[in-house]
Amino acid sequence: MTSVARFRNVVLDCPDPHALAAFYAAVAGGTPQAEDDDWVVLQVPDGPRLAFQRAEGHTPPEWPRADRNGQQLHLDFDAGATWAELDAAHERVLALGARPLDLEDREKKDFQVYADPAGHPFCLCRIEGA
């Protein structure tokens, strides 16, 4: 099937695009490029472009709500193939300002859920054979 358009960015609204871009650069790599005070782009190495857009009065999603102000999307990151690698990634994202949302039953789910500093959910995933 012929596509209509080419995928460009995942855009996250936030109160401080520079700070959130720096957070995700520390998590996934790359160097944030500020187009202006309200728009920052991060090209993740071997991955997508993430863009961060200033949204005054931003209200973070409430996880895991589905009825109102629930998450509309989340980002998944491969944290490695072992629990030791996932535990190391856990410590690093907490040091960067992430907040745990769901750390339960990780052996059954192979992932843990966090909120970034602006409140968007993301997961650290254990991928066997990664």
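Predicted model: local features only at pLDDT ≥ 70, side-chain atom pairs only at ≥ 80, totals over all residues.
**Aromatic pairs**

- The structure holds seven aromatic pairs, among them that of Phe23 and Tyr24, which is edge-to-face with 5.0 Å centre to centre and 85° between the planes.
- Tyr24 also pairs with Phe77, and this pair is stacked, at 6.0 Å centre to centre and 25° between the planes.
- Because Tyr24 lies in helix 1 and Phe77 in strand 5, the pair ties together parts that are 53 residues apart in sequence.
- Phe77 counts as buried at 13% relative accessibility, since the cut-off for a buried residue is under 20% relative accessible area.
- Through ring pairs, Phe23, Tyr24, Phe52, Phe77, Tyr114 and Phe122 are linked into a cluster.

- Strand 8, which spans residues 121–126, is mostly covered, with six of its six residues buried.
- In a regular strand the side chains alternate between the two faces of the sheet.
- In strand 8 both faces are covered, with Pro121, Cys123 and Cys125 buried on one side and Phe122, Leu124 and Arg126 buried on the other.
- Strand 5 (residues 75–80) pairs with strand 8 in the parallel sense over five bridges, and Gly80 stands opposite Arg126 of strand 8.
- Strand 7 (residues 111–115) runs antiparallel to strand 8 and is joined to it by five bridges, with Tyr114 having Phe122 as its bridge partner in strand 8.
- The hairpin of strand 7 and strand 8 has five residues between the strands, and in this hairpin Gly119 takes a positive phi near 100°.

**Helix 2**

- Helix 2 (residues 83–96) has 14 residues, which at 1.5 Å a residue should span 20 Å, and this agrees with its end C-alpha atoms, which are 20 Å apart.
- Its buried residues are Leu86, Ala89, His90 and Val93, and because they cover an arc of only 110° around the axis, they lie on the same side of helix 2.
- Ala84, Arg92 and Ala95, on the other side of helix 2, are exposed.
- The buried residues of helix 2 pack against helix 1 (17–28), strand 5, helix 3 (106–109), strand 7 and strand 8.
- Gly97, which follows helix 2, has a positive phi, near 115°.

Definitions and conventions
Residues numbered from 1 in each chain as written. Heavy atoms only, no water. Buried < 20%, exposed > 50% of the residue type's maximum accessible area, 1.4 Å probe, protein only. Helix = DSSP H or I, 4+ residues; strand = E, 2+ residues; numbered from the N terminus. Pairing = 2+ DSSP bridges. Expected span 1.5 Å × (residues − 1). Arc of directions from axis to C-beta. Contact = heavy atoms within 4.5 Å. Phe/Tyr/Trp six-rings, centres within 6.5 Å; stacked < 30°, edge-to-face > 60°.
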